[in-house]
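Trainee: I have a model open and would like to go through its side-chain contacts. Can we take them one at a time?

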Protein chains: 2
Amino acid sequence: MEIKEFFPIWDKMTAGQQEALVSGARRQVLKKGTVIHRDTEDCAGLLLLEEGQLRAYMLSEEGREITVYRLLEGDICLFSASCMIRSLQSDIVIEAERDSRMWVISPGVYRKLMDESALIANYTNEIMASRLTDVMWLMEQVMWKSLDRRLASFLLEEADLEGSGSLKITHEMISNHLGTAREVVTRMLRYFQSEGMVRLSRGAVEITDRKKLEKLGQI
Amino acid sequence: MEIKEFFPIWDKMTAGQQEALVSGARRQVLKKGTVIHRDTEDCAGLLLLEEGQLRAYMLSEEGREITVYRLLEGDICLFSASCMIRSLQSDIVIEAERDSRMWVISPGVYRKLMDESALIANYTNEIMASRLTDVMWLMEQVMWKSLDRRLASFLLEEADLEGSGSLKITHEMISNHLGTAREVVTRMLRYFQSEGMVRLSRGAVEITDRKKLEKLGQI
């Protein structure tokens with residue numbers, strides 16, 4: 001993907017702004033499992049994801065995790081450039097969930113563009129608003145939705161991302177996505193199995209009744 | 001408070017922008033308990049809180065609540081103008097928690113200013129980033145912090161807001177702030193009382209050992 005494809009506002013930018021974005025960007029490849037942002041101090045830059053998948057998650061002092069959102073092809077990661085925005089302070093971790101390829105735009109270059117262009121500042125605003133919407137959505141899920149429904153939705157989402165109903169995923173990994181204990185996930189998966197919705201094997205979950213899972217997730 | 005006091009960037013704005021803000025604003029008074037924003041469709045405008053206190057909370061389909069943040073004197077409310085920002089979609093409710101007085105800037109006027117001024121767009125960006133930081137902070141609390149610690153922090157925060165250790169608040173109200181069941185709050189408050197941290201009476205909680213509560217809240 002070219003840089004301009006990440007910016008629907010590209011044609012409204014000046015030639016100078018387009019040039020600044022292009023020359024301020026470099027390509028980076030991340031192996032699955034690489035952490036690109038951990039502390040508020042990290043500030044690699046704006047990430048434009050060409051290929052692969054990034055996972056943004058919160059980490060407790062005790063090492064528990066919860067997935068806040070995923071970034072897919074065509075998405076822009078703002079948290080990895082959080083030093084650009086003074087009021088954005090959060091210990092979110094960003095990790096490559098698959099081998100990934102991306103453009104990295106230096107925070108200095110991008111900040112300068114935001115300062116001079118209302119168009120670019122407002123586009124950035126929209127990206128932030130959509131992350132805020134994601135976090136509020138997750139908050140609602142965690143607060144009001146029971147774990148069986150969250151687990152059903154999660155399995156379906158994973159199947160869509162993988163393009164397959166056979167998921168290579170451990171109970172531990174699932175618990176880290178959902179921010180709950182492994183034992184609770186195991187118990188719930190066994191219940192799903194007894195209801196014919198999944199088949200469990202070592203390190204894998206196979207979806208056997210998609211419709212039933214969908215019904216449960218949507219309640 | 002004058003409108004310019006809400007904008008640290010005031011002196012960098014053009015005279016035309018200052019004039020647009022002033023003439024696009026009207027004063028509004030809200031009685032305690034009034035809801036000013038409920039649906040995504042509501043779009044009263046940007047609220048500049050001169051006096052009083054607003055509470056932003058999430059509401060489940062079953063009527064459960066959790067306080068997401070409070071707005072105090074000098075704060076700006078962006079969610080009440082969410083129609084300005086396409087990607088900002090969330091069913092947050094905003095209610096006057098005390099009698100409040102505010103400036104309301106029409107969303108059309110403000111959107112126009114954001115579109116023409118990078119300065120104003122970036123300032124708006126900072127406000128949004130700070131709400132995003134608040135929501136992520138709350139998420140961390142809800143996920144990783146036990147209820148006794150959240151309750152201790154909440155009581156201390158209320159005492160600071162009220163300027164008094166004698167809080168006129170019911171267990172029901174506390175449970176709506178914390179997003180938990182009333183019975184759980186009652187049980188925890190009774191435990192706090194048995195530990196000498198609070199004294200309970202009808203519709204009131206009095207803090208009797210601030211230090212002990214602080215210690216519990218900070219763990």
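Trainee: How many disulfides does a search of the whole structure find over all chains?
Mentor: Remember that this is a predicted model. A disulfide here needs two cysteine sulfur atoms within 2.5 Å. Cys43(A) and Cys83(A) meet that, with sulfur atoms 1.8 Å apart, and Cys43(B) and Cys83(B) also sit at 1.8 Å. Over all chains, the search gives two.

Trainee: Is the disulfide of Cys43(A) and Cys83(A) left-handed or right-handed?
Mentor: Look at the torsion about the S-S bond. For Cys43(A) and Cys83(A) the torsion is about -75 degrees, so the disulfide is left-handed.

Trainee: How many residues apart are Cys43(A) and Cys83(A)?
Mentor: Cys43(A) is in the loop between β2 (35-37) and β3 (46-51) of chain A. Cys83(A) is in the loop between β6 (76-77) and β7 (92-96) of chain A. The pair links distant parts of the chain, and the separation is 40 residues.

Trainee: In chain B, is Cys83(B) buried, partly exposed or exposed?
Mentor: Buried means under 20% relative accessible area, and exposed means over 50%. Cys83(B) has 48%, so the class is partly exposed.

Trainee: Now the rings. What kind of aromatic pair do Phe7(A) and Tyr123(A) form?
Mentor: The search finds eight aromatic pairs over all chains. In this one the centres are 5.5 Å apart, with 55 degrees between the planes. Planes under 30 degrees apart count as stacked and over 60 as edge-to-face. The pair of Phe7(A) and Tyr123(A) is therefore tilted.

Trainee: How many residues apart in sequence are the parts that this pair ties together?
Mentor: Phe7(A) lies in the segment before α1 (15-23) of chain A. Tyr123(A) lies in helix α3 (residues 118-144) of chain A. Phe7(A) is buried at 2%, and Tyr123(A) is buried at 15%. The parts tied together are 116 residues apart.

Trainee: Which residue do ring pairs link into a cluster with Phe7(A) and Tyr123(A)?
Mentor: The cluster is built through ring pairs. Besides Phe7(A) and Tyr123(A), the cluster holds Tyr110(A).

Trainee: Last one. How far is the charged end of Arg55(A) from the ring centre of Tyr57(A)?
Mentor: A charge over a ring must be within 6 Å of the ring centre. The charged end of Arg131(A) sits over the ring of Tyr69(A) at 5.3 Å. For Arg55(A) over Tyr57(A), the distance is 4.0 Å.

How values were computed. Residues are numbered from 1 along each chain as its sequence is written. Chains are lettered from A and ligands numbered from 1 in the order in which they are written. This is a predicted model: local features need pLDDT of at least 70, side-chain atom pairs count only at pLDDT 80 or more; totals for chains, interfaces and linings use all residues. Side-chain values use heavy atoms; hydrogens and water are left out. Rings of Phe, Tyr and Trp (its six-membered ring) pair if their centres lie within 6.5 Å; planes under 30 degrees apart count as stacked, over 60 as edge-to-face and the rest as tilted. Helices (H or I, at least four residues) and strands (E, at least two) are DSSP runs, numbered from the N terminus. Buried means under 20% relative accessible area, exposed over 50%, partly exposed in between (1.4 Å probe, protein chains only). A charge sits over a ring if NZ of Lys or CZ of Arg is within 6 Å of the ring centre and within 35 degrees of the ring normal.
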